[in-house]
Amino acid sequence: MADSNFDVIVIGAGVTGLTAAKEAVQSGLKTANIEALMFGGLVVNINELDGEPAGSGTDYASNLMMEISELGVENLSETVSAIASDGKLLSVTTDAGTHRARAVIIASGAKLKRLGIPGEMEFEYKGVSQCADCDGPMYKGEDVVVVGGGDSALQEALVLAEYAKQVHLVHRGARFRARQHLVDAVAKHANIVPVWNSVAEEILGGQMVERVRVRNVATKATTEIPSAGFFAYIGLQPTCDFAPAELARDADGFLITDAGLQTKIPGLIAAGAVRAGYGGMLTDAIADGTAAAKAAKVGG
Ligand code: NAP
């Protein structure tokens with residue numbers, strides 16, 4: 001793709017980015033969407049959306065993708081490496097060239113964090129997974145370990161409980177921080193067993209995962225849980241290595257914006273899971289995408 005100019009460039013084709021691109025093009029802006037990987041982002045891991053809209057995450061993202069294509073958004077399959085400002089225009093450098101725009105929306109999202117324990121890399125695709133919906137059926141009648149105490153861990157434990165004999169929900173604390181309806185749903189599943197005050201130390205096995213060693217943080221005692229699958233849901237890390245170094249970030253690397261989603265660089269907007277203070281629900285992704293497109297229209 002040769003160098004090109006747009007009114008607005010949206011980086012990322014998750015729900016926030018797709019919504020921003022749709023709103024921007026509908027408001028008359030010449031819009032590009034850049035995505036290095038598959039469109040959809042984190043929502044495609046969800047088989048059944050929690051509330052409105054109903055259906056699967058993949059369906060929701062596919063519909064948005066089709067809509068923006070029909071509306072005339074230019075979809076670029078490229079990897080962004082840098083963003084710079086000359087004071088008037090922003091330039092986005094990718095592996096295919098440089099694109100310029102009056103406004104750029106960083107909606108590159110976040111990815112699931114890893115624990116970094118022995119066995120996690122070695123057993124990837126051999127029992128270590130981060131997609132319960134995709135891999136759950138492989139664990140029919142088996143024991144699995146899920147780590148975490150937030151919405152993701154409990155939501156995914158509920159998915160796995162439909163297949164697994166027992167889901168060992170290993171949490172470093174003594175109570176879950178997840179939303180109450182998820183805590184209540186987990187409590188109703190006899191085959192989800194919380195392992196409180198405990199951390200996973202090592203994933204063990206031969207060809208495939210066979211056991212997980214956990215340590216009780218209070219008593220320091222360790223036990224080995226027989227397990228064919230291992231799923232860690234311990235939070236997210238932002239995907240924004242390419243963002244200018246001078247942008248403010250919080251302690252976890254999430255981009256800090258003002259209330260209007262503007263960063264300190266004029267015309268450079270951050271929205272969705274990549275920014276600090278993002279709500280985390282599908283409705284928040286949609287709201288951020290909409291607000292970002294409005295900010296681009298005003299600034300542009
Ligand atoms: P999260 O809310 O940050 O929770 C992370 C969990 O992992 C916490 O329980 C935390 O323990 C634990 N943890 C963190 N680091 C750990 C470590 N090194 N070892 C062991 N445990 C560790 O992350 P999340 O559940 O992925 O949720 C992220 C955002 O997405 C949230 O805003 C959430 O509401 C949203 N979300 C929404 C939906 C939905 O809309 N249905 C679904 C999933 C997620 P502590 O509690 O002790 O800190």
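A residue counts as buried under 20% relative accessible area, as exposed over 50%, and as partly exposed in between (1.4 Å probe, protein chains only). By that rule Lys165 is exposed, at 55% relative accessibility. The structure is a predicted model, in which local features need pLDDT of at least 70 and side-chain atom pairs count only at pLDDT 80 or more, while totals for chains, interfaces and linings use all residues. Residues are numbered from 1 along each chain as its sequence is written, and side-chain values use heavy atoms, with hydrogens and water left out.

Start with the overall layout. The chain splits into domain 1 (2–111 + 236–299) and domain 2 (114–232); these bounds come from an automatic or database domain assignment. Their C-alpha centres lie 32 Å apart.

Now the interface. Five residues of domain 1 are in contact with five of domain 2, contact meaning heavy atoms within 4.5 Å. About 540 Å² is buried between the two domains, and carbon and sulfur atoms give 33% of that area. Buried area here is the accessible area (1.4 Å probe) that two parts lose on being put together, summed over both. Asn45, Asn47 and Asp50 supply 68% of what domain 1 buries against domain 2, more than any other three residues.

What of specific pairings? Between the domains there are zero salt bridges. A salt bridge is a side-chain nitrogen of Lys or Arg within 4 Å of a carboxyl oxygen of Asp or Glu.

The whole structure holds 11 salt bridges. One of them joins the side chains of Asp143 and Lys165, at 3.9 Å from N to O. Asp143 sits in strand 9 (residues 143–147), and Lys165 lies in the loop between helix 4 (151–161) and strand 10 (166–170), 22 residues apart. Helices (H or I, at least four residues) and strands (E, at least two) are DSSP runs, numbered from the N terminus. Asp143 counts as buried because its relative accessibility is 14%.

Arg213 is partly exposed at 23%, Glu201 at 22% and Glu202 at 23%. Salt bridges that share partners join Glu201, Glu202, Arg213 and Arg215 into one network.
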